[in-house]
2 protein chains.
Amino acid sequence: MRLSQLFVKTMKEAPAGEKSTNAILLQRAWFIDKLLAWVYTYLPFGLRTLRKIENIIRQWMNEIWGQEIYMPALTPASLWQQTWRWDEIDVLFKLQWMWWQDLALWSTHEEIITPLVKKYVKSYKDLPVYVYQIQTKFRNEKRAKSGILRWREFLMKDLYSFHTDVEDLDRYYDIVLNKYLEIFEKMGLEAYVVDASWWDFSDKPSHEFQVLTDAGEDWIWYDQETKTAVNEEDVESLSDLYEVIKEGDDIKEVIKKDTGKRLVRSKASEVWNIFKLYDKFSKAFDFKFVDKDGTEKYVQMWCYGIGVSRLMWVIAEKYHDEKWLKWPKSVAPYLFVIIPIGDNGKQKAEEIYRFLQEKYGDEVVIDDRDERPGFKFKDADLIGYPYQIVVSDKTLEQGEDIVELTERMTGQKGFVSYKEI
Amino acid sequence: MRLSQLFVKTMKEAPAGEKSTNAILLQRAWFIDKLLAWVYTYLPFGLRTLRKIENIIRQWMNEIWGQEIYMPALTPASLWQQTWRWDEIDVLFKLQWMWWQDLALWSTHEEIITPLVKKYVKSYKDLPVYVYQIQTKFRNEKRAKSGILRWREFLMKDLYSFHTDVEDLDRYYDIVLNKYLEIFEKMGLEAYVVDASWWDFSDKPSHEFQVLTDAGEDWIWYDQETKTAVNEEDVESLSDLYEVIKEGDDIKEVIKKDTGKRLVRSKASEVWNIFKLYDKFSKAFDFKFVDKDGTEKYVQMWCYGIGVSRLMWVIAEKYHDEKWLKWPKSVAPYLFVIIPIGDNGKQKAEEIYRFLQEKYGDEVVIDDRDERPGFKFKDADLIGYPYQIVVSDKTLEQGEDIVELTERMTGQKGFVSYKEI
């Protein structure tokens, strides 16, 4: 990638009206452009990072037998009416085809996936089924939640699983849980599962999984060792599980009763949720299968979401220093930027660019713009490439293939031969 | 891919209400599922083929310096009002955020891309700019055009180019034209450019490029050698370019005057269009640049579309025999299907499956379902994998690694060692 060909430019100042650090940095660093409140265009670098996050998730979904499909965004009112959710879900964007057919933009796909899978599943032999999609999701959100934005249009992965019974569902749930924790670790995030024992006491059908980040919208109390946590707003109602020590209205300590462990408090953001659907939708769509014993039973369902575009924001929030981004390698838009200084540097830089392209494919950027070195350094810092490679008279004095290599995440700098990168 | 894990099943009969061969075959062969008229879900095999088409297009767009971005589907009325198209475009899906902000689902992105590129382009030095996106597009279509369907939701590639002047735009146009012809050839399609000399006499801002297919919505007259064609409905008004010989109301022959060549008649489908925007949108958004001579000028724009999902349908229409699909290798969902027969066949098939996966990655399907051979053959024929590999007692009698390999496109069959595939 030659920066001289890139049509976008970095912004010196924070865009007007933005408050959160991630939104400011992502816009200043040519990742995204704001079209509307909570609606963004992905610029070339942002789209690459988004696709990398998406592909990490896709790869792991395939490993847990997920079959990828792609359901439409336009969904008919008739299906939503069958589950009484046409009026119940207040974030549906509603529209009309011609003057007579009511449609909704999808905000969740149970109404589509249930009748679809029903077409093919007749017997216990056809179960379990694991289907997922990565799709743009629309929500007519009325207000922003604090911290992380609630978007009106965003990218979401939804995995649906269909089972003969709750035991089989639980078995698969453990597999998904472990895979999810792996995914987040791969992206450099610390994810916490909101204490599983709490869910079963709850009527709430939805469970949140949280990533620690200062820009989070929730306060959680977590145990690093077991990767479990509890939402601060729920902890007092769970007195059988937690001991809560307060000073006035403020919670000062939370201790898990069974282990005696003191939990740690942090801001966190929801990046993952699970909806225990059980037979809610199979009943609504009369989706039964014939079991081993010849009886008809309702299929058991769960839905497992990941906010794909939200992850980009959460990663940006976690990985930045005072003013700049610093992407983990797995999701960086490009791994390397080459910054040439002076005429000798420029000539050598082209050689290095070709060499690294051979070795690392399209992961290499060369800053061949007609700009001052200081300008290029500032841009490179802002973008947060994992590796900066400077080639100049100063480096070439050290030897004909010598460059200065900086690892952004650690700040380590050193002179190396480019051939050893 | 193990077919025993696939949740979809082929359909024996054509779905009710479908008339076109491609729609029937794609639904019978687990590629797509119809949700609404002109709105489809992509099932696992269909999604793979769609992604292959998308990636062929993406790769070639990158080769002609296209920078990929991703613009939102939700677009504000205010931008559409600036170009007077809020009322002019009758296929806009309109909706509201809360009760006060009018939005449209994008059906074309000039209103978004023009102000976006304007932010970054100030001088002739910043031009040309080539930006593209592959996005789901929405059109509130009132009626179906004959033959190929007009979808309400479909996948489209749009490339926008921005230039200092019309000469530069024409120079890039030739590059795009040649690249497009290469893309279609790669997908096994014969594409025709509607005679370029005609465009410049026309007031129509849009130009169509046609692929020969019996399910097409237009009749064209074409010249295979020069890859140019003329729409039958336009040919009589172009008497300076074409000689038209009629019998009664019917056109019997079309001869191109400059070459004296007789053109051939065929049904065809539009898969590509170009919109000569010139300065229409740069004027609407006051998008000027400072030229070499210091004067301010309006930027010149063109838009180049390709109907990505439509291509899947056109390819399916072109590549099928009496009842079955036969995909070109470049866009087949998978290259190989292994069909085991009998116990020895089953055991050997697993060995072959592992071997071919090593060699061809995820391009291999094994039909390990608990079904009769006849059932599996019918499915394999219907799906149209480029290569069918049968392993049975009969093939193993020929030697311990021998299978029967059928190339679908040519119908050629033969016994070969699987290690030589």
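Okay, let's start with a sheet in chain B: three strands, ordered β4-β6-β5, making an open sheet with antiparallel pairing. Since β4 (74–76) and β5 (93–97) of chain B are the edge strands and each has a single partner, one side of each has no neighbour in the sheet. From one strand to the next, the twist averages 40 degrees. Keep in mind that this is a predicted model.

Let's look at one pairing in there. β5(B) and strand β6 (residues 101–105) of chain B run antiparallel, and five bridges join them. If you want a pair to click on, take B:Gln96: the residue it bridges to in β6(B) is B:Asp102.

Now, how do the two chains relate? Rotate by 180 degrees, with 0.0 Å of shift along the axis, and chain A superposes on chain B with an RMSD of 0.0 Å. That's the relation of a two-fold axis. And which C-alpha in chain A is nearest that axis? It belongs to A:Leu95, 2.8 Å from the axis.

On to the contact between the chains. Chain A puts in 41 residues, and chain B puts in 41 residues. On the chain A side, the elements giving two or more residues include β1 (32–36), β2 (39–42), α2 (44–63), β5 (93–97), α5 and β7 (129–138). Sorted by class, that side of chain A comes out as 29 nonpolar, five polar and seven charged residues. And 100% of chain A's interface residues are interface residues in chain B too, so the copies meet through the same surface.

In chain A, α5 covers residues 110–118 and is mostly covered, with seven of its nine residues buried. Among the buried ones are A:Ile112, A:Ile113, A:Leu116 and A:Val117, but also A:Glu110 and A:Glu111.

Buried or exposed? A:Asp379 is buried, because the cut-off is 20 or more other C-beta atoms within 10 Å, and A:Asp379 has 20. Look for A:Trp30 as well: A:Asp379 and A:Trp30 are 349 residues apart in sequence, yet their C-alphas are 9.9 Å apart in space.

The domain assignment gives domain 1 as 17–318 and domain 2 as 334–420. Their C-alpha centres lie 40 Å apart.

How values were computed
Residues numbered from 1 in each chain as written. Chains lettered and ligands numbered in written order. Predicted model: local features only at pLDDT ≥ 70, side-chain atom pairs only at ≥ 80, totals over all residues. Least-squares fit on C-alpha atoms with pLDDT ≥ 70 in both. Contact = placed C-beta atoms within 7 Å. Buried ≥ 20, exposed ≤ 12 C-beta atoms within 10 Å, placed from the backbone. Helix = DSSP H or I, 4+ residues; strand = E, 2+ residues; numbered from the N terminus. Domains from an automatic or database assignment. Nonpolar A, V, L, I, M, F, W, Y, C, P; charged D, E, K, R; others polar. Pairing = 2+ DSSP bridges. Axes fitted to C-alpha atoms, helices over the stretch in contact; angles between N-to-C directions.
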